[in-house]
Amino acid sequence: MRLQTSLPLATANAIITEALILGRKASLLPLTVVVLDAGGKLIAMQSEDGSGLTRFDIAFGKAYGALGMGISSRLIRDRLSERPAFQNAIAAASDGRFIPVPGGVLVENADGITLGAVGISGDTSDKDEYCAIEAIKAANLSPEPAEPNPDWRTSSLSDHYPAST
């Protein structure tokens with residue numbers, strides 16, 4: 001018996017390979033890339049040397065949250081930033097597998113059907129998301145969101161964390 005898959009392993013691996021290439025070309029910090037099918041099952045994952053221990057959980061949570069809500073993790077952040085109680089409820093309902101920051105991108109076919117999601121963690125959320133979006137496009141599929149934040153190149157971890165004194 002053969003089971004139908006929404007996102008074949010070969011496609012998932014191609015997305016991961018391209019995302020890591022894009023990360024190296026942009027001199028990003030080491031990345032972890034996760035690809036889930038439409039049901040939230042892990043299809044493939046790779047973590048670059050030097051990627052932090054929790055990066056898998058973060059990347060998975062970005063992709064899982066996007067699938068669970070049916071929108072990108074960037075849009076989740078934007079829509080729920082003023083609703084922390086609802087964010088907490090979603091985190092509880094998903095057993096903590098919900099990371100509401102950019103880097104979780106839906107993968108769609110030409111008909112707009114969601115096939116799965118890509119989650120990336122390692123650098124700033126906008127840089128993670130850039131790699132996911134462009135890697136999905138390179139696999140001849142459609143990302144949601146369709147384009148990265150136009151300022152992804154200038155996002156910085158120091159924008160999010162105060163300098164130590």
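Helices and strands are DSSP runs, of at least four residues (H or I) and at least two residues (E) respectively, numbered from the N terminus. Two strands count as paired if DSSP finds at least two bridges between them. Val-34 stands opposite Met-45 in β2. The two strands form a hairpin with four residues between them, and Gly-40 in the turn has a positive phi of about 85°.

Residues are numbered from 1 along each chain as its sequence is written. Because the model is predicted, local features need pLDDT of at least 70 and side-chain atom pairs count only at pLDDT 80 or more, while totals for chains, interfaces and linings use all residues; side-chain values use heavy atoms, with hydrogens and water left out.

## The sheet

The open sheet has five strands in the order β2-β1-β4-β3-β5, with antiparallel pairing. β2 and β5 are the edge strands, each pairing on one side only. With direction ignored, neighbouring strands of this sheet are turned by 20° against each other on average. Angles run from 0 to 180 degrees between N-to-C directions, with axes as lines fitted to C-alpha atoms, for helices over the stretch in contact.

β1 is joined to β4 by six bridges, and the two run antiparallel. Asp-37 stands opposite Gly-116 in β4. Helix α1 lies across β1, β2 and β4 and runs at about 25° to β2. Contact here means heavy atoms within 4.5 Å.

## Strand β3 and its neighbours

Five bridges join β3 to strand β4 (residues 114-121), and the pair runs antiparallel. Gly-116 in β4 is the bridge partner of Val-107. β3 and β4 form a hairpin with five residues between them, where Gly-112 in the turn has a positive phi of about 80°. β3 is also joined to β5 by three bridges, again antiparallel, and Leu-106 has Glu-144 in β5 as its bridge partner.

β3 is mostly covered, with five of its five residues buried. Buried means under 20% relative accessible area, exposed over 50%, and partly exposed in between (1.4 Å probe, protein chains only). In a regular strand the side chains alternate between the two faces of the sheet. Gly-104, Leu-106 and Glu-108 point one way from β3, Val-105 and Val-107 point the other way, and all are buried.

## Glu-108

Glu-108 belongs to strand β3 (residues 104-108). Glu-108 is buried yet has no salt bridge, and the nearest side chain of opposite charge, Arg-79, is 12 Å away. Lys and Arg count as positive and Asp and Glu as negative; His and the chain ends are not counted. Leaving out residues up to four places away in sequence, Glu-108 touches Ile-113, Thr-114, Leu-115, Leu-141, Ser-142 and Glu-144.

## Salt bridges

A search of the whole structure finds seven salt bridges. A salt bridge is a side-chain nitrogen of Lys or Arg within 4 Å of a carboxyl oxygen of Asp or Glu. In one of them, the side chains of Arg-24 and Glu-48 meet at 2.8 Å, N to O. This pair links distant parts of the chain, with Arg-24 in helix α1 and Glu-48 in the loop between β2 and α2 (55-69), 24 residues apart. Arg-24 is partly exposed at 38% relative accessible area, whereas Glu-48 is buried at 16%.

Asp-128 forms a salt bridge with Lys-62, the closest N and O atoms being 3.0 Å apart. Asp-128 sits in helix α5 and Lys-62 in helix α2, 66 residues apart. Asp-128 is buried at 0% relative accessibility, and Lys-62 is buried at 1%. A further salt bridge joins the side chains of Lys-137 and Glu-147 (2.9 Å, N to O). Lys-137 is in helix α5 and Glu-147 in the segment after β5, ten residues apart. Lys-137 is partly exposed at 26% relative accessible area, as is Glu-147 at 48%. Salt bridges with shared partners join Glu-134, Lys-137 and Glu-147 into one network.

## Backbone features

Ser-27, in the loop between α1 (9-25) and β1, has a positive phi of about 55° although it is not a glycine. Ser-27 is exposed, with a relative accessible area of 64%. Asn-140 is not a glycine either, and has a positive phi of about 60°. Asn-140 lies in the loop between α5 (125-138) and β5 and is exposed at 72% relative accessibility.

The peptide bond from Glu-144 to Pro-145 is cis, with omega near 15°. Pro-145 lies in the segment after β5 (142-144).
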